[in-house]
Amino acid sequence: MALDKQTIYKISRLARIHVDKVDIDRYASQLSTILDFVEQMNRIDTDNVAPLSHPQDRVLRMREDSVTEHDRRDDLQSVAPMTENGLYLVPKVIE
Amino acid sequence: MERHRALNAFITVDPELSLNQARAADRMLKNGGSRPLTGIPIAHKDIFCTKGVLTTCGSKILSNFVPPYDATLIKRCYEEGMVTLGKTNMDEFAMGSSNETSYFGPVRNPWDQFRVPGGSSGGSAASVTARLCAAATGTDTGGSIRQPAALCGITGLKPTYGRVSRYGMVAFASSLDQGGVLTQSAEDAALLLNVIAGFDPLDSTSVEEPVPDYGSKLKDDIDGLKIGLPKQYFDEGLSPEVEVLIRDALRVLEDHGAVLIDIDLPNSELCVPCYYVIAPSEASSNLSRFDGVRYGYRSEDYEDLVDMYMRTRAEGFGDEVKRRIMIGTYALSAGYYDAYYLKAQKLRRLITHDFERAFELCDVIAGPTTPTAAFEIGAKTSDPISMYLNDIYTISVNLSGLPALSVPAGFAGDLPAGLQLIGPYFSESRLLNIGHRFQMDTEWHRRIPGGFE
Amino acid sequence: MAWETVIGLEVHVQLSTNSKIFSGASTSYGAKPNTQACEVDIALPGVLPVMNKEAARKAVKFGLSVESKINQRSVFARKNYFYPDLPKGYQISQYELPIVVGGHLTIDTGKGEKRIGITRAHLEEDAGKSLHEDFHGMTGIDLNRAGTPLLEIVSEPDMRSPAEAIAYLRKLHTLVRYLEICDGNMQEGSFRCDANVSVRPQGETELGTRTELKNINSFRFIEKAIEYEVERQIDLIEDGGTVVQETRLYDPSRNETRPMRTKEDAHDYRYFPDPDLPPMELDDQFIDSARQQLPELPDTKRHRFMEQHGLGPADAYQLTSDKATADFFEAVLEQTRGDAKTVANWVNSELAGYLNETNMVIESARIDPGMLAELIDRIEDGTISGKIAKDVFRSMWNGEGTADQLIETKALRQITDSGELEKVVDDVLSRSREQVEQYRGGQTKVLGYFVGQVMKETQGKANPQQVNELLKQKLESGD
């Protein structure tokens with residue numbers, strides 16, 4: 001699968017990774033090479049095979065509904081890039 | 001010490017922490033209450049969150065991240081009274097097989113400083129090899145413990161998926177990641193696994209299976225052990241020098257009464273393509289939390305919210321990480337999900353079936369850990385695919401969640417190679433037993449590179 | 001051209017668990033920002049989710065109550081998109097295999113009953129909140145709400161008018177509170193609704209292009225938002241335009257909808273099974289235990305009230321619209337001599353009136369079922385008249401005492417001594433010669449005048465029936 005510039009732009013936006021114009025061709029060629037490589041999978045017929053998402057097909061373990069956490073805001077926000085009055089600050093969100 | 005520093009094995013050393021832990025260990029030893037590994041120096045891969053100690057995962061985006069909590073594995077080592085020497089260098093977010101993708105620079109192989117130590121747990125492997133510490137922790141998503149252990153001539157164990165808690169281990173590919181150990185011997189690996197294995201209620205994929213004493217069966221007889229040799233692991237991709245070493249190693253096991261049989265893992269040759277869909281897909285989602293909002297690096301120059309995200313992530317992640325996030329994003333996106341992600345998940349079941357069938361015929365599977373010995377730094381950085389193929393013998397194990405051990409099998413010239421032993425779920429005791437019997441008769445694991453004795 | 005409106009609703013119900021769906025942080029409302037956002041909720045590197053069993057139980061209770069199929073194996077999936085109130089960059093939700101599939105709710109359209117299909121209900125985690133007050137041109141993020149369990153209940157596009165949509169929502173709102181799976185508080189966002197709205201020419205069977213209306217937090221706004229959107233779509237099509245499938249935001253201050261900017265490129269969510277959470281398997285025992293926790297449901301209760309207590313549909317509907325009210329009614333009925341209709345009247349008119357006026361819920365009223373039962377008994381045994389009882393009720397509402405205390409202290413006891421009453425009647429008749437003549441001349445309607453006079457003299461304490469009889473007797477005997 002050869003990816004064109006438009007697709008690279010779309011993926012970069014979905015993934016929220018800025019790609020400089022000068023790098024687009026490089027990304028297109030590298031990602032296309034990787035996709036060609038993984039497409040070898042098509043050599044194997046997988047019709048009627050159930051997908052496997054978790055090793056050993058385990059099932060979910062659940063916990064009881066109890067509050068086990070207490071307020072650690074100051075501690076947790078000590079590593080934040082920007083906070084004020086206990087809030088994380090980000091560039092203005094326009095809905 | 002210069003030689004040690006030149007390896008670039010550590011991202012962070014914290015002498016104060018080490019000293020405090022050493023004193024605490026002394027007290028435990030004096031006052032009773034000590035445990036088997038109390039006072040033993042250990043290095044931790046910089047993927048495990050350590051409260052109050054920088055945890056970077058080899059990335060610029062976490063280059064300032066000091067976690068407010070400890071990973072479960074770290075807690076267990078602290079409780080044992082082990083002494084932390086530092087946090088080891090690694091491929092960025094564990095994405096790499098050479099330790100060249102680290103934001104903090106490549107790690108050098110102690111056997112040849114122009115060569116890679118393997119990856120992604122390259123710093124852990126190099127530090128154990130250079131005897132900077134008795135043991136190190138690592139993580140293995142596609143071979144990241146076994147491959148560097150093999151290339152550095154030490155012992156590396158990747159336990160069964162779910163055996164060691166993933167809580168506090170920065171996630172790369174959640175359904176494949178598994179914490180484990182890099183040590184000087186199978187015996188050491190057993191002792192350290194005793195410390196880190198076990199159920200953790202904080203990890204929904206952690207298993208409640210009882211934990212045996214992994215040291216108790218090390219000396220068991222292996223007479224009559226059936227060892228399966230997959231023909232796919234001895235194909236044209238395997239370098240002749242490594243093949244010779246592996247065949248010799250297998251003869252040692254035969255001398256102990258093990259029986260070799262040929263087996264077939266027909267789908268395993270496609271494990272690398274399968275892996276390079278599943279791992280990037282999961283990674284693309286796991287790494288979305290690095291957005292510059294709650295922790296980590298944030299770009300200083302942006303126009304608006306979306307631009308802040310895009311620049312933070314473009315500046316914070318290295319090339320290989322960005323490539324994988326983009327591949328994963330594409331593989332999961334509308335219109336491509338079935339062809340890539342779903343296809344890979346189906347193939348994953350077939351690969352797992354192969355192992356199930358194989359274990360009806362044999363007790364363990366053996367083969368090389370890597371196709372070649374350590375390559376030169378820079379040799380494969382411009383060709384991602386050739387880099388990926390380094391893990392061709394290790395990846396299937398992760399896709400199936402099986403345990404596997406790599407032990408030093410000998411030297412091709414001056415460079416070590418590893419023998420890989422793969423077992424059924426929760427067969428760690430058996431694998432360590434075989435590894436130990438092998439090490440009772442071989443000297444490879446005792447060899448120390450020049451200048452580090 | 002005649003247009004038909006087609007509405008489907010997606011309701012986000014916050015499940016009333018103590019802790020979050022995947023972490024041990026508290027879900028209580030109104031805490032200081034980010035004080036209830038633990039390391040899992042803020043998505044620190046390395047943290048992992050662990051599922052809250054109670055959230056699953058509450059979802060199952062809902063499914064059982066609307067006759068859905070419970071998927072004994074359901075799968076958590078990641079819905080990937082970037083937004084600052086979504087700390088992981090993905091929301092854990094359910095996609096291909098939700099916990100609840102199918103089912104229905106029956107609504108009253110005014111022209112009869114109508115069955116609204118439920119497509120599915122799935123478990124997911126709530127996001128945090130963006131606070132748009134100005135922080136030097138930036139937005140503040142509070143993650144206390146992040147990780148609160150949600151059950152998203154998706155209906156079929158079965159509703160044909162805003163009124164039907166509201167009827168469905170009210171029904172659902174009643175149900176989730178009956179089940180005690182949600183507190184139903186719309187101001188606090190415990191019960192939120194998105195509406196998918198489209199129009200098509202009457203008679204057309206294909207669905208028109210729909211828009212999704214978000215951010216509607218009251219029944220009144222939902223109705224207005226849908227009405228506005230229907231009109232907008234019809235105008236657009238009639239002017240030769242086409243409806244664009246998009247997410248729109250309702251602005252109550254302007255009563256209009258507008259496209260949501262942040263959703264522009266969020267249509268590719270890249271769902272995939274969450275590798276941190278293996279499939280959830282619920283055994284028969286789990287489902288049976290949830291079934292045993294089911295209360296009598298609103299519809300069943302309403303029918304029982306009609307059959308067992310002989311109430312009319314309107315009374316029964318009003319009494320059962322809220323479980324606390326229904327319980328109150330039955331508690332009164334158990335303790336009083338009064339019949340069901342009488343009790344229903346007191347609960348539905350008097351009590352409901354006061355509650356409405358003061359915007360209170362029945363649980364917090366000062367009148368308890370025992371007090372109302374006592375009051376009704378005093379009417380039944382003739383101690384006070386119905387009219388006096390209303391005054392007593394007001395005093396009770398104001399916390400002045402019980403019926404018996406008030407009757408005693410305010411000397412409200414009805415005059416039942418016939419001698420005493422006869423004196424008053426004679427007095428009234430003797431000073432109303434003119435009216436007496438009229439009565440005897442055949443204008444029996446003036447009886448009411450005499451009754452009124454007697455009641456006035458006795459300050460309402462006379463027994464009206466007794467007064468009637470006595471008056472008739474005196475007037476007709478002719479002395």
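Colleague: How many salt bridges are counted between chain C and chain B?

Modeller: The count there is 1 salt bridge. Keep in mind that this is a predicted model, and the number is computed from its atoms. The pair is Asp276(C) with Arg166(B).

Colleague: What makes Asp276(C) and Arg166(B) a salt bridge?

Modeller: Their closest N and O atoms are 3.0 Å apart. The rule wants a side-chain nitrogen of Lys or Arg within 4 Å of a carboxyl oxygen of Asp or Glu.

Colleague: Let's pick one residue. Why is Pro87(C) called buried?

Modeller: Its relative accessibility is 5%. Buried means under 20%, so Pro87(C) passes. You'll find Pro87(C) in the loop between β5 and β6 (90-94) of chain C.

Colleague: Which residues does Pro87(C) touch, leaving out those up to four places away in sequence?

Modeller: From chain B, Pro87(C) touches Arg289(B), Asp291(B) and Arg294(B). From chain C, the list is Asp41(C), Ile42(C), Ala43(C), Leu143(C) and Ala146(C). Here's one more for your picture: Leu44(C) is 43 residues from Pro87(C) in sequence, and their C-alpha atoms are 8.7 Å apart in space.

Colleague: Over to chain B. How do you know whether Thr352(B) is buried or exposed?

Modeller: Look at the relative accessible area, which is 7% for Thr352(B). Thr352(B) belongs to helix α11 (residues 338-361) of chain B. Beyond four places in sequence, its contacts are Leu52(A), Leu399(B), Ser400(B) and Tyr425(B).

Colleague: What makes Thr352(B) and Ser400(B) a polar contact?

Modeller: Their side chains make that contact at 3.1 Å. The limit for a pair of N or O atoms is 3.5 Å, so 3.1 Å is inside it.

Colleague: Back to chain C. Which domains does it have?

Modeller: The domain assignment gives domain 1 (3-290), domain 2 (296-409) and domain 3 (418-477). The centres of domains 1 and 2 of chain C, taken over C-alpha atoms, are separated by 36 Å. In the contact between them, 10 residues come from domain 1 and 11 residues from domain 2. About 830 Å² is buried there, 55% of it from carbon and sulfur atoms. Lys171(C), Thr174(C) and Tyr178(C) supply 60% of what domain 1 buries against domain 2, more than any other three residues.

Colleague: Why is Asp322(C) with Arg177(C) called a salt bridge?

Modeller: Their N to O distance is 3.4 Å. That is within the 4 Å limit, so the name applies. Between domains 1 and 2 of chain C the count is 3 salt bridges. Helix α2 (residues 162-178) gives the largest share of the domain 1 side, 5 residues. By class, that side has 3 nonpolar, 3 polar and 4 charged residues.

Technical notes. Residues are numbered from 1 along each chain as its sequence is written. Chains are lettered from A and ligands numbered from 1 in the order in which they are written. This is a predicted model: local features need pLDDT of at least 70, side-chain atom pairs count only at pLDDT 80 or more; totals for chains, interfaces and linings use all residues. Side-chain values use heavy atoms; hydrogens and water are left out. Domain bounds come from an automatic or database domain assignment. Contact means heavy atoms within 4.5 Å. Buried area is the accessible area (1.4 Å probe) that two parts lose on being put together, summed over both. Helices (H or I, at least four residues) and strands (E, at least two) are DSSP runs, numbered from the N terminus. Ala, Val, Leu, Ile, Met, Phe, Trp, Tyr, Cys and Pro count as nonpolar, Asp, Glu, Lys and Arg as charged, and the others, Gly among them, as polar. Buried means under 20% relative accessible area, exposed over 50%, partly exposed in between (1.4 Å probe, protein chains only). A polar contact is a pair of N or O atoms within 3.5 Å; within protein, one must be able to donate a hydrogen and the other to accept it, and residues adjacent in sequence count only if both atoms are side-chain atoms.
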